[in-house]
4 protein chains.
Amino acid sequence: MHHTARRRFVTHGLALGVALVARPRWLAAQSGGPANPGLIEDLVAANRILVDQGVLDGYGHVSARHDRDANRYLMARSIAPELVTASDIMEYDLDSNPVDARGRGSYLERFIHGEIYRARPDVKAVVHSHSPSVIPFGATGVALRPLYHMSAFLWAGVPVFDIRVASGEMTDMLVRSPALGRSLAQTLGARPVALMRGHGNVVVGDSLPQVVFRAVYTEMNAKLQSQAMLLGGNVTYLDPEEAKKAEASIAGTLGRPWELWKRKAIGK
Amino acid sequence: MHHTARRRFVTHGLALGVALVARPRWLAAQSGGPANPGLIEDLVAANRILVDQGVLDGYGHVSARHDRDANRYLMARSIAPELVTASDIMEYDLDSNPVDARGRGSYLERFIHGEIYRARPDVKAVVHSHSPSVIPFGATGVALRPLYHMSAFLWAGVPVFDIRVASGEMTDMLVRSPALGRSLAQTLGARPVALMRGHGNVVVGDSLPQVVFRAVYTEMNAKLQSQAMLLGGNVTYLDPEEAKKAEASIAGTLGRPWELWKRKAIGK
Amino acid sequence: MHHTARRRFVTHGLALGVALVARPRWLAAQSGGPANPGLIEDLVAANRILVDQGVLDGYGHVSARHDRDANRYLMARSIAPELVTASDIMEYDLDSNPVDARGRGSYLERFIHGEIYRARPDVKAVVHSHSPSVIPFGATGVALRPLYHMSAFLWAGVPVFDIRVASGEMTDMLVRSPALGRSLAQTLGARPVALMRGHGNVVVGDSLPQVVFRAVYTEMNAKLQSQAMLLGGNVTYLDPEEAKKAEASIAGTLGRPWELWKRKAIGK
Amino acid sequence: MHHTARRRFVTHGLALGVALVARPRWLAAQSGGPANPGLIEDLVAANRILVDQGVLDGYGHVSARHDRDANRYLMARSIAPELVTASDIMEYDLDSNPVDARGRGSYLERFIHGEIYRARPDVKAVVHSHSPSVIPFGATGVALRPLYHMSAFLWAGVPVFDIRVASGEMTDMLVRSPALGRSLAQTLGARPVALMRGHGNVVVGDSLPQVVFRAVYTEMNAKLQSQAMLLGGNVTYLDPEEAKKAEASIAGTLGRPWELWKRKAIGK
């Protein structure tokens, strides 16, 4: 599959050379060439893993920045994540225009992805979900904080994006324009997670394994923090210094759950 | 399958013409002819989907208005929803009398369905369930309100039907008569959801995909709202204007989870 | 299977006539003859259903009174309920002595069953479990009350058996003697459910389908009542008159979940 | 399998005799010889059981003391517990150095195991997990106490290890050195369970079945105790005398869940 895809890329390159004037629009647009099939495979796996782990249901989406063109990203057509296969993966530019739609529909909120990739060169993967345990934090303004080392990446705080404030009017709650996407990216800043009031959250990472890990443990932290707060004692969160150190150490272990999750997701 | 069903319908039509006096009671009653097999298939799927999604257990029922006769509706015989197949689907008139029972038993509470179809011409599908997270709201009078865009359809408020008040006496809690069904339909009014104190809830929609979507996200909203209230901050619900806009936007996406849910339910 | 079992019973009867002096102990003891194979099958199914429904885990047990001898009951040897097959079912007298152990071990707490069958001629089936949502009620003394019609059978109140009070001393918490079994039966009285402080609960019924139904909905009521109490409003429980009527009506529908549950449990 | 392994051990013994000077390092180190294959099989099963029971996810580890050499222990290479097979099991000395790594990676926190085996000759098996319901207790200092007989082993109290106090500085939260392992072992003392603030817990036992049982019911007790505390009444925990007696009685029944869990874990 990798071999075949590479050959197709070479063919595209040749075509680009000999047919500069007449080249079809979709080909011209694919300046970077096709993405690495391994990245596509990981993106398909990420969709299914996030369903298996209770982060996504019939809604939500995960994307990856194109590995050959930093101004492109890859994401499934408008379909439930659990059903995504390689042929559903589309390519978008950073304005979130599909490069070669071929009749495939796009998620209304793809601007979340495009604008974050534009604002954050370090980000290679983005998850937008309605991760259930996180919703109550976005609706109450109770701060989500790292309860244990697995969610240490939350140390810099988790901002809440309120679309009503951002847009200055009543919306349909959807990040359905570049302007709203930019506004959400501003709220996110340099952090890994932002909540969206009355909606869900967005998580970013430097790879698909990292963004999946963060999305899973953001959900888990929300569940555990709720329970800790109900127990009634004083909750001790990780100190920022502890959290920074823990985040760095855990970063070296992400392959462990990823290997497990991917094997189960692909084996289905 | 569709073809066969249509032919059977034509035959019925002919029989109706040539045998007006002697026609059997069940045939006369089927003035609209058999329902579209696709509708039957969706109704079977809806039963199983609602079990998969934790809305129904061994109890509860989902119905669809007949596509050829607005004065009829379709619902399974008295059987656990998970076991429903096409041959279990029966046809009822709006008095909730079975048109052609052939020995098949009926749900005691079918009047919920018949009376709502009578009162609400816009309604094409009805779910009655004991959806677990919703029960505590019906028992406490704490208002169920839309916490996020997925349950935006709750914006007009969720009334609680108290059968003791409606009937003026102690009952067995079951909506087992046309009068009680009418009373419940009045409480529901023009809204999509009504709770039933000490019992469960009823959800209506303009199609099976919509009513299933609403039943699933009514349960989810109840779960998330409970958690948000326990977190202890002020809960910000969707503003009615936001919710109306969100409801309209989400309406265009119902095919996405429906495709997923149906594929999984039928594949079983 | 039924046929074979009946023939074996006839053979036993003959043996009883011709070999009165020399008859083996186990044969003499089987005065009622073998139980109906359908009852054995239902008892095996009940074990697995209660695991499927989250009432039993690796511990707990369900028994049925012998259909031919009211002074006998049937229960699995000491084994995890999920693993029970017909050959694991043993027969006990009301002193909870095994009639024909053949080396098979017995549950330490079988006296719960024997003493309830002795005290309650109306009872045909007993479940003892550590049903999780119920444990906190037994430990806090917060009264378990019927929140909805499915658990209407709780209307007469749910007493709590405290083994420390009953025995007048510190025990190992286990109902491991006839005296403790009698004491628990007294606490239960004429009711369907009793909690056991720091341990679990016992549920009785007039059949296996009824006792399984009651055990499942006792667990569900405990879960929903906890959630309702946390919501913070006033909880409206079923009025006893409503509950009595609801219990009577629901009694006619037990075949519906039983058919579903048994099909899934046996199909495994 | 047992037979084959024993023969391999004999071969090793011979090699040890004839090649004393030139013997490879890994062979010299295996002074006790290979572990019993039955112990390896149980250790593989324990990994999978703890995932099935919700104690482990993609992280955490379980070990067993070597049955032929009390100064050695066995644990999987650094891999998700659900994926562990016999070939992943490595041998460690009590300094937590791998005896024969052959390129296989080690868990960063193996010192938890080595130092507990050194400090506690009675301990034959250790589980380290992020068991979810237990995390909030470690973060709040609310004491985990035995709510029912299944978790009676908690009677002596459950200490909380705070790595910041133990190390006197901000750490990455991981027990990644012998010194930190010793400190945790000191906090544990003679007890079966210790919590780790902002991290998880450690559970010990005199066998794999016992440590698995304890890890499962520590998680369950945490869940049930949280619910009991929320119900708002006074929670009655087991009296220490009751708990000691219950622990002794339950100890005789551990084979029952172990048989079930192992059959399901291995059957996968």
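Copies of a chain are superposed here by least squares on the C-alpha atoms of residues with pLDDT of at least 70 in both. In this predicted model, chain A can be laid on chain B in that way with an RMSD of 0.0 Å, by a turn of 90° and a shift of 0.0 Å along the axis. Chain A is likewise superposed on chain D by a rotation of 90° with 0.0 Å of shift along its axis, again with an RMSD of 0.0 Å. That is the relation of a four-fold axis. Of the residues of chain A, Leu230(A) comes closest to the rotation axis, its C-alpha lying at 5.3 Å.

The contact between chain A and chain B takes 31 residues from chain A and 33 residues from chain B. Between them these two chains bury about 2,800 Å², of which 65% is on carbon and sulfur atoms. Within the area that chain A buries against chain B, 23% is supplied by Tyr59(A), Leu83(A) and Met170(A), more than by any other three residues. Three salt bridges are counted between chain A and chain B, including one in which Glu242(B) is joined to Arg197(A), with the closest N and O atoms 2.8 Å apart. The count of residue pairs in polar contact between chain A and chain B, both residues being at pLDDT 80 or more, is 13. On the side of chain A that touches chain B, the elements giving two or more residues are α5 (135–140) and α8 (208–231) of chain A, and α5(A) gives the most, with five residues. By class, the residues on this side of chain A comprise 16 nonpolar, nine polar and six charged.

The contact with chain D involves 33 residues of chain A and 31 residues of chain D. Chain A and chain D bury about 2,800 Å² between them, with 65% of this area on carbon and sulfur atoms. In chain A, the residues that lose the most area to chain D are Leu231(A), Glu242(A) and Arg256(A), which together account for 27% of what that side buries. Three salt bridges are found across the interface of chain A and chain D, among them that between the side chains of Lys264(A) and Glu82(D), at 2.8 Å from N to O. Polar contacts between chain A and chain D amount to 12 residue pairs, both residues at pLDDT 80 or more. At least two residues each are supplied to the side of chain A that touches chain D by α8, α9 (240–251) and α10 (255–267) of chain A, and α8(A) gives the most, with eight residues. This side of chain A has 18 nonpolar, seven polar and eight charged residues.

The two contacts may also be considered by the residues that each copy uses. Only 3% of the interface residues of chain A are also interface residues in chain B, so the copies meet through different surfaces. For chain A and chain D, too, only 3% of the interface residues of chain A are also interface residues in chain D, so these copies meet through different surfaces.

Within chain D, an open sheet of seven strands has mixed pairing and the order β3-β2-β1-β4-β7-β6-β5. Its edge strands are β3 (89–93) and β5 (160–161) of chain D, each of which pairs on one side only. Strand β1 (residues 61–65) and strand β2 (residues 72–76) of chain D run antiparallel and are joined by three bridges. The bridge partner of Arg65(D) in β2(D) is Tyr73(D).

Note on methods: Residues are numbered from 1 along each chain as its sequence is written. Chains are lettered from A and ligands numbered from 1 in the order in which they are written. Side-chain values use heavy atoms; hydrogens and water are left out. Contact means heavy atoms within 4.5 Å. Buried area is the accessible area (1.4 Å probe) that two parts lose on being put together, summed over both. A salt bridge is a side-chain nitrogen of Lys or Arg within 4 Å of a carboxyl oxygen of Asp or Glu. A polar contact is a pair of N or O atoms within 3.5 Å; within protein, one must be able to donate a hydrogen and the other to accept it, and residues adjacent in sequence count only if both atoms are side-chain atoms. Helices (H or I, at least four residues) and strands (E, at least two) are DSSP runs, numbered from the N terminus. Ala, Val, Leu, Ile, Met, Phe, Trp, Tyr, Cys and Pro count as nonpolar, Asp, Glu, Lys and Arg as charged, and the others, Gly among them, as polar. Two strands pair if DSSP finds at least two bridges between them.
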